[in-house]
Amino acid sequence: HETELSMVGMMLDLSRGKVMKVETLERMSMLSALSGFSHILLYMEDTFEIEGHPMFGYKRGRYTRAELLRADETASQWGIELVGHIQTLGHMEQILQWPQYGRLRDSRFRARMDDAATLALLDRMISTVAANLR
């Protein structure tokens with residue numbers, strides 16, 4: 001019995017250590033296409049640039065808007081869709097460690113749901129990634 005999958009791909013964890021170079025992401029698009037994949041899921045906690053939030057990716061590296069757009073364009077040329085997978089509320093320890101985000105902290109790893117500033121940050125995070133990937 002053969003099953004057709006509408007999405008075949010892999011997830012790249014871009015939040016452990018330093019971020020991959022854009023050239024490496026572009027190469028992963030090529031290799032994924034040659035392997036028959038259709039998607040690459042980009043797991044990012046704080047490794048993307050958000051205007052007005054310089055601590056995102058601080059001392060770890062982060063993708064700029066231009067770099068995400070470039071990686072997305074290259075992936076598209078190979079028939080690969082890049083999908084942003086970001087953390088909202090949980091797995092936020094990298095950003096919550098900084099004093100300016102202290103009031104958002106529910107625990108070391110989680111942001112508070114009951115704070116308007118948390119919701120505003122989440123909105124910025126989601127809209128930033130959505131604006132830079134197809």
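D114 is exposed, with a relative accessible area of 60%, where exposed denotes over 50% relative accessible area, buried under 20%, and partly exposed the range in between (1.4 Å probe, protein chains only). The side chain of D114 meets that of R112 in a salt bridge, with 2.9 Å from N to O; a salt bridge is a side-chain nitrogen of Lys or Arg within 4 Å of a carboxyl oxygen of Asp or Glu. R112 counts as partly exposed, at 27% relative accessibility.

The structure is a predicted model, in which local features need pLDDT of at least 70, side-chain atom pairs count only at pLDDT 80 or more, and totals for chains, interfaces and linings use all residues. Residues are numbered from 1 along each chain as its sequence is written, and side-chain values use heavy atoms, with hydrogens and water left out.

The protein has four helices and three strands, arranged from the N terminus on as β-α-β-α-β-α-α. Helices (H or I, at least four residues) and strands (E, at least two) are DSSP runs, numbered from the N terminus. Taken along the principal axes, the C-alpha atoms fill a box of roughly 50 × 35 × 25 Å. Of the 134 residues, 40% count as buried. The accessible surface comes to about 7,800 Å², and 53% of this belongs to carbon and sulfur atoms; areas come from the Shrake-Rupley method with a 1.4 Å probe, and for residues only the protein chains shown count as cover. Among contacts between residues at least 6 apart in sequence, 66% join residues at least 24 apart, a contact meaning heavy atoms within 4.5 Å.

Helix α4 comprises the 17 residues 116–132. The buried residues of α4 are T118, L121, L122, M125, T128, V129 and N132. Viewed down the axis of α4, these buried residues fall within an arc of 130 degrees, so they line one face of the helix. The arc is that of the directions from the helix axis to the C-beta atoms. An α-helix has 3.6 residues a turn, so residues three or four places apart point the same way. The cover over the buried residues of α4 includes β2 (39–44), α2 (65–77) and β3 (81–86). Exposed residues A116, D123 and A130 are carried on the face of α4 turned away from its buried side. The N-terminal end of α4 is capped by D115, a side-chain oxygen of which lies 2.7 Å from the backbone nitrogen of A117. A polar contact is a pair of N or O atoms within 3.5 Å; within protein, one must be able to donate a hydrogen and the other to accept it, and residues adjacent in sequence count only if both atoms are side-chain atoms.

In helix α2, the 13 residues should span 18 Å at 1.5 Å a residue, in agreement with end C-alpha atoms that are 18 Å apart. L68, A71, D72, T74 and A75 are buried in α2. Down the axis of α2, the buried residues fall within an arc of 165 degrees, so they line one face of the helix. These residues pack against α1 (22–34), β3 and α4, whereas A66 and Q77 are exposed on the other side of α2. Just after α2, G79 takes a positive phi of about 80 degrees.

Positive phi values also occur in residues other than glycine. L89, in the loop between β3 and α3 (93–96), has a positive phi of about 85 degrees. H91 is placed in the loop between β3 and α3, and its phi is near 55 degrees. H91 is partly exposed, with a relative accessible area of 43%.

A search of the whole structure finds 10 salt bridges. One of these joins the side chains of E73 and R134, at 2.5 Å from N to O. The pair links distant parts of the chain, with E73 in helix α2 and R134 in the segment after α4, 61 residues apart. E73 is partly exposed, at a relative accessible area of 37%, and R134 is exposed, at 55%. R110 forms a salt bridge with D106, and their closest N and O atoms are 3.2 Å apart. R110 is partly exposed, with a relative accessible area of 45%, and D106 is partly exposed, with 46%. D13, R16 and E45 are linked in a network of salt bridges.

Notes:
The expected span of a helix is 1.5 Å times one less than its number of residues.
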